[in-house]
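Please keep the sequence and the structure in view as you read.

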Amino acid sequence: MSLFLARLFLRLTGWQPEGERPEPAKFVLIAAPHTTNWDFPFTLAFARVFNLKILWMGKHTLFKGPLGPIMRRLGGLPIQRHLRKNVVEQTADLLRNAADELVITVPAEGTRSRVEYWKSGFYHIARAADVPIVLGYLDYKRKRGGFGAAIKPTGDLKADMDLSRAFYADKVGKYPENFGPVRLREEDELEAGSNRSADTVDASAGTA
C-alpha cells in the first residue's frame, strides 16, 4: 500500500494516527483488539503512515490459490499453527538474523471471535530473539490507531502481561463483545502450580 493510498483510506474512513513511531529497529508487534476483517487494511494503512514495513503472520490457508502472491506481497508469512514450537524458533531466528529493521506482527488473539486466552507465541518469540514487544492498537470508539510503549519481556509472565492488560483496558474493537481477556493460558498454569506448591508446604507444616 502506497503512502498516498494509506492516507486517503484513513481520511475517507475518518481515522487518524496517534502518537509516535516505535523507536526499536526490531520488535514483535501485537495488533489488538482483533474483532473484524477490517483490522487488516487499517493495520497496513497505519504501518505505512508510520513508515513501518511489517511482516504479519497468518494461517497458511490464506496463502492458497490466487490470493497467495498478493498476501505475500503485503508482507504475509504463512503459518501452520500446529507446528507452534517450530514457528517460534524460526521467527525468532528471522528477527535475530535481520541486518536492518524488522517488525513481525503476531496474531495474539488468533481469531476475530472471542477467546478466553491469547496465544503466547508472541511472548516466546520476543524473549528468544531478545527484542521488545510493541503494543499496537485500533480503537474503533475514537477511530484512532497507533502504538504503545515497547515492553521487553523479563520472564515474569504475569508482570509483563499486566502491562498489556492495563494498556488495552480502554481500547475498543469494532465488535467489543469479541474482545476477550488479555491473558495467557500459561499464567493460569503458573498460578495453579504456585497454589499446589503452597498447599504442599501447608500440608507438610501440619505433619508431626
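Ser2 has a relative accessibility of 35%, so Ser2 counts as partly exposed (buried means under 20% relative accessible area, exposed over 50%, and partly exposed in between, with a 1.4 Å probe and protein chains only). Ser2 belongs to the segment before α1. Although 42 residues separate Ser2 from Leu44 in sequence, their C-alpha atoms are 9.9 Å apart in space.

Residues are numbered from 1 along each chain as its sequence is written, and side-chain values use heavy atoms, leaving out hydrogens and water. Since the model is predicted, local features need pLDDT of at least 70 and side-chain atom pairs count only at pLDDT 80 or more, while totals for chains, interfaces and linings use all residues. Helices (H or I, at least four residues) and strands (E, at least two) are DSSP runs, numbered from the N terminus.

Now to the pair of helices. The axes of α1 (residues 3-13) and α2 (residues 39-49) come within 9 Å and cross at roughly 125°; axes are lines fitted to C-alpha atoms, for helices over the stretch in contact, and angles run from 0 to 180 degrees between N-to-C directions. The two helices are therefore oblique to each other (under 35 degrees is roughly parallel, over 145 roughly antiparallel, 65 to 115 roughly perpendicular, and the rest oblique). The residues that make the contact, meaning heavy atoms within 4.5 Å, are listed here.

| Helix | Residues in the contact |
|---|---|
| α1 (residues 3-13) | Leu3, Ala6, Arg7, Phe9, Leu10, Thr13 |
| α2 (residues 39-49) | Pro41, Phe42, Ala45, Phe46, Arg48, Val49 |

By type, the residues of this contact divide into nine nonpolar, one polar and two charged (Ala, Val, Leu, Ile, Met, Phe, Trp, Tyr, Cys and Pro count as nonpolar, Asp, Glu, Lys and Arg as charged, and the others, Gly among them, as polar).

Which residues of α1 are buried? They are Ala6, Phe9 and Leu10. Seen down the axis of α1, the buried residues fall within an arc of 95°, so they line one face of the helix; the arc is that of the directions from the helix axis to the C-beta atoms. Their cover includes α2. Phe4, Arg11 and Leu12 are exposed on the other side of α1. After α1 comes Gly14, with a positive phi near 80°.

Finally, Thr43 sits in α2 and counts as buried, at 17% relative accessibility. Leaving aside residues up to four places away in sequence, Thr43 touches Ala31, Ile54 and Leu138.
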